[in-house]
Amino acid sequence: MNLIRRPRRNRQSGAIRDMVQETRLSVTDFILPVFIMEGQNVRSEVASMPGIYRLSLDLLLDEIQECVDLGIKTFDLFPNLPEAKKDKYATESYNPDGMYLQAIRAIKDKFPDVMVMTDVAMDPYSSDGHDGIVENGKILNDPTLDVLGKMALAQAQAGANIVGPSDMMDGRVGYIRQVLDEGGFHDVAIMSYSAKYASAFYGPFRDALDSAPKFGDKKTYQMNPANSREALIEAQLDFAEGADFLMVKPALSYLDIIKLLNDTYHLPIAAYNVSGEYAMIKAAAQQGWLDGERAMMEVLLSIKRAGASVILTYFAKEAARLL
Ligand code: PBG
């Protein structure tokens with residue numbers, strides 16, 4: 001047959017496939033989320049996230065060294081706090097002697113070139129397990145901003161490079177930007193969780209932090225998975241309020257949202273390949289039901305192809321080894 005177009009010609013060898021490859025992963029795309037807990041020499045595996053550990057600060061510093069040697073330069077820090085340190089107003093989140101702020105200082109001290117990203121949300125510190133102040137079963141928006149501002153400022157003072165508001169309260173990016181600027185932290189960036197959906201895929205993360213909501217769900221602040229036009233409203237606000245990065249979370253069921261934001265905004269787009277997305281691949285691979293490494297690389301590539309130039313992923317270390 002004389003076919004004028006034979007797309008298979010460009011797939012006939014490894015060399016030609018490499019040449020025409022449109023998207024390539026690089027270790028510099030990755031941010032590794034890490035879980036810190038109190039104590040010394042503590043390494044506690046998250047049951048639903050094989051290969052992921054809650055680490056005490058001493059071991060976390062060793063872990064960061066290993067990752068830096070693999071080329072990973074940015075870490076997103078999450079705290080697992082004992083229930084006794086949690087309260088209604090998440091006050092531990094801005095206690096300068098608290099584990100989290102100490103960890104930021106220690107990491108920046110030991111690794112000045114590493115970028116520390118923080119999580120700005122009440123849930124790991126909240127006795128209600130919610131991302132906002134709870135009153136009569138309602139999550140209050142504006143009073144929560146005050147807590148988020150204190151938290152972000154304390155993190156910046158401890159040396160954070162990027163703060164990551166992950167709570168979905170209205171107006172938080174603008175409020176945090178103002179607080180940071182008034183504090184002289186003009187260079188601290190905001191990576192806003194712009195389109196964060198109320199997702200079942202956060203389950204393992206809440207195990208890792210013991211941060212599941214004590215009542216109800218997060219649907220009055222996180223987005224409805226059915227909506228994409230609403231993501232544009234959220235992104236538009238975050239852009240206007242001064243966000244430096246727009247994030248979509250989770251990643252895999254929301255590749256269309258990643259593309260939508262990437263096509264619409266000229267800021268870097270980040271995607272959070274969340275705990276449940278990690279757990280699914282790990283569980284299937286453990287069963288021998290799929291090739292875990294190939295599935296991991298395919299998933300990460302798909303997130304980048306969709307338009308994310310920054311990928312937060314628990315696979316960062318494993319993927320870095322393969323790249
Ligand atoms: C909440 C927060 C969540 C994650 C990070 N910060 C989700 C939630 O509990 O609502 C999830 C990350 C993951 O699943 O990997 N502030």
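The largest nonpolar core of this predicted model holds 104 residues. Phe 35, Leu 77, Ile 107, Met 191, Ile 258, Tyr 272 and Leu 300 touch the most other members. Helix α4, residues 142-158, gives the most to this core, with 8 residues.

**Ligand surroundings**

- The ligand is surrounded by 17 residues.
- The closest of these are Arg 206, Gln 222, Lys 249, Ser 275 and Tyr 314.
- Arg 206 places a polar side-chain atom 2.7 Å from an oxygen atom of the ligand.
- For Gln 222, an N or O atom of the side chain is 2.8 Å from a ligand oxygen atom.
- Lys 218 has a polar side-chain atom 2.9 Å from an oxygen atom of the ligand.
- On its own, the ligand has 400 Å² of accessible area, and the protein covers 100% of that.

**Glu 234**

- UniProt lists Glu 234 under "binding site", in an unreviewed entry.
- Glu 234 sits in helix α7, which spans residues 229-241.
- Glu 234 counts as buried because its relative accessibility is 13%, and the cut-off for buried is under 20%.
- Leaving aside residues up to four places away in sequence, Glu 234 touches Met 168, Ser 194 and Met 223.

Key
Residues are numbered from 1 along each chain as its sequence is written. This is a predicted model: local features need pLDDT of at least 70, side-chain atom pairs count only at pLDDT 80 or more; totals for chains, interfaces and linings use all residues. Side-chain values use heavy atoms; hydrogens and water are left out. UniProt positions are given in the numbering used here, feature names are shortened, and annotations may be inferred rather than shown by experiment. Helices (H or I, at least four residues) and strands (E, at least two) are DSSP runs, numbered from the N terminus. Buried means under 20% relative accessible area, exposed over 50%, partly exposed in between (1.4 Å probe, protein chains only). Contact means heavy atoms within 4.5 Å. A nonpolar core is a set of buried Ala, Val, Leu, Ile, Met, Phe, Trp, Tyr and Cys residues joined through side-chain atoms within 4.5 Å. A residue is near a molecule or strand if one of its heavy atoms lies within 4 Å of it. A polar contact is a pair of N or O atoms within 3.5 Å; within protein, one must be able to donate a hydrogen and the other to accept it, and residues adjacent in sequence count only if both atoms are side-chain atoms. Accessible areas come from the Shrake-Rupley method with a 1.4 Å probe; for residues, only the protein chains shown count as cover.
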